[in-house]
Amino acid sequence: MEPSGTTGPEGPRRSEDDRPLNAEERAEYERLRRHAHTRHRRLRYAAASVLLLLAFILAPLAVVAAWIDSEITDTDRYVETVAPLAKKPAVQNLVTDRVTDRVVDNIDTRKVTDALADALARNGAPSAIVDQAEALDGVLKTGVTTVVHDVVNRVVTSDEFAQAWEIANRRAHAAVLNVLTGEGGSAVEAKGDAITLNIGTVIDEVGHRLVDAGFDKAADIPDVDKSVVLVHVDKLNEAQDAARLLDILGVWLPVLVVVLAALAVGAAPSHRRALMTAGVGVGVMMVVLLVGLAVMRRVYLDSVPSSVQPHGAAAVVYDELVRFLKDSTVTMLVIAVFVVIAAYLYGPGRVARALRSVTVRGTEASGHLLARAGLRTGGMGRWLDRHRGWTTGIVMGLAVLTLFLWNYPTAGSVALVVGLAVVVLLILGVLAAARTAPEPATADAAPPPDAGPSPDAGPSPDKG
């Protein structure tokens, strides 16, 4: 065979590429095409699977990192977490018992009874009475304990104690935050490897009071170093670095999970199925996280000795501390469920098609009623009808953006946003259907009752 495009006795020959493919060549071409298509789909499935796997693994870590970051860097969030503890009966009883024990331990009832016995003996009281006075130690201690317990309990269960609890936790958290971030602005600061207490305001106040009391020389107190080293911490710099890293992870790790899931959906051959898989996977991981929290609760309660903290108080403290973590996990679970439902409703399933059909008929009927009543949307309705896909995407995008920008969303806020998005989509469907009034059916347009099919008409669709 001569090369294509060469010149023969009859002139230039036609290139072999210009001739049509025979049956064997076309079959080979189709086989190679299917092979390349299958290979391309497999690569896309593999890429989507890897991205989804990474998203599933990082999803619970992102929720935990965001929760820890909010508890460490947001004083209001921390106070909101611990403030309810002051009104929990188990915690109030624990605080009451601890304070009562501390106060009673500092009251020497034995010294009181010994002094009473000595006084009776000096005044010539019978020895039996003196002995009975010494035996009053146990009774006196019991009475003192009862009185102190009642007083402390009234204080602990009062609103003033709850306010003091909140103020104390707010100040303590702000001080710890300043230490971890290395920022100033409070009395407790981090300087190098030391945590210092700034007592400048105390020295100034003492100077003013001494001057008011007549000690004029107190006004000449030199402006010396007004900070006291509380503690040296060898690993303070490492702790500050960990806090900064957690601040980054708490913000960007959830974003990374969303980006990975979005890339997986975009890379998959079937976007809808990939979206459903992402929703199911994230939902399963959230359930795993909830189970893990329940297991950790049992482990924590078993590890705390009853002498250190009663079981009821320990359970209340644990539940309150992880309350927002559980709320965030449930919120992510609800979002995953809504994603799965939305992806299914856009699919070819029988229930999905039936629900879409009912929704379309309902919006069309409502729009026609508005049009008949004279409330026609005209050009706007026609634009909405032509751009249903765009309007749906915009509404859903705004709903997602709202949840993303919501400060600590809950399951209730997710349901609210999704419900509002559905209502808006239904309203847009009604407005699109109200663009023009439907033509009423007339008797002239109907075929005669006894008229048969036209001779030129084709076979009936029902008969095939």
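**Exercise 1. Work out the handedness and the relative direction of α10 and α12.**

Solution. Let's begin with the crossing: in this predicted model, α10 and α12 cross in a left-handed way. Next, look at the geometry. Helix α10 spans residues 271–303 and helix α12 spans residues 323–345; they pack at an angle of about 155°, and their axes lie 8 Å apart. Angles over 145 degrees count as roughly antiparallel, and α10 and α12 are therefore roughly antiparallel to each other.

**Exercise 2. Find residues that join α10 to α12, and sort the contact by class.**

Solution. First, pick out the α10 side, which includes R272, L275, M276 and G279. Then turn to α12, where the partners include L325, K326, T329 and V330. Finally, sort by class: the contact of α10 with α12 has 18 nonpolar, 3 polar and 2 charged residues.

**Exercise 3. Decide how α12 is oriented relative to α16, and describe their contact.**

Solution. Start with the axes of α12 and α16, which come within 8 Å and cross at roughly 25°. Angles under 35 degrees count as roughly parallel, so α12 is roughly parallel to α16. On the α12 side, V330, T331, V334, I335 and F338 make the contact; on the α16 side, A411, V414, A415 and V418 do. By class, this contact has 8 nonpolar residues, 1 polar residue and no charged residues.

**Exercise 4. Show where the buried residues of α14 lie, and name the helices they pack against.**

Solution. In helix α14 (residues 378–386), the buried residues are G378, G381 and L384. Seen down the axis of α14, they fall within an arc of 125°, so they line one face of the helix. The buried residues of α14 pack against α15 (388–405) and α16 (411–433).

Key. Residues are numbered from 1 along each chain as its sequence is written. This is a predicted model: local features need pLDDT of at least 70, side-chain atom pairs count only at pLDDT 80 or more; totals for chains, interfaces and linings use all residues. Side-chain values use heavy atoms; hydrogens and water are left out. Axes are lines fitted to C-alpha atoms, for helices over the stretch in contact, and angles run from 0 to 180 degrees between N-to-C directions. Helices (H or I, at least four residues) and strands (E, at least two) are DSSP runs, numbered from the N terminus. Angles under 35 degrees count as roughly parallel, over 145 as roughly antiparallel, 65 to 115 as roughly perpendicular and the rest as oblique. A crossing is left-handed if the near helix is turned anticlockwise from the far one by less than a right angle, and right-handed if clockwise. Contact means heavy atoms within 4.5 Å. Ala, Val, Leu, Ile, Met, Phe, Trp, Tyr, Cys and Pro count as nonpolar, Asp, Glu, Lys and Arg as charged, and the others, Gly among them, as polar. Buried means under 20% relative accessible area, exposed over 50%, partly exposed in between (1.4 Å probe, protein chains only). The arc is that of the directions from the helix axis to the C-beta atoms.
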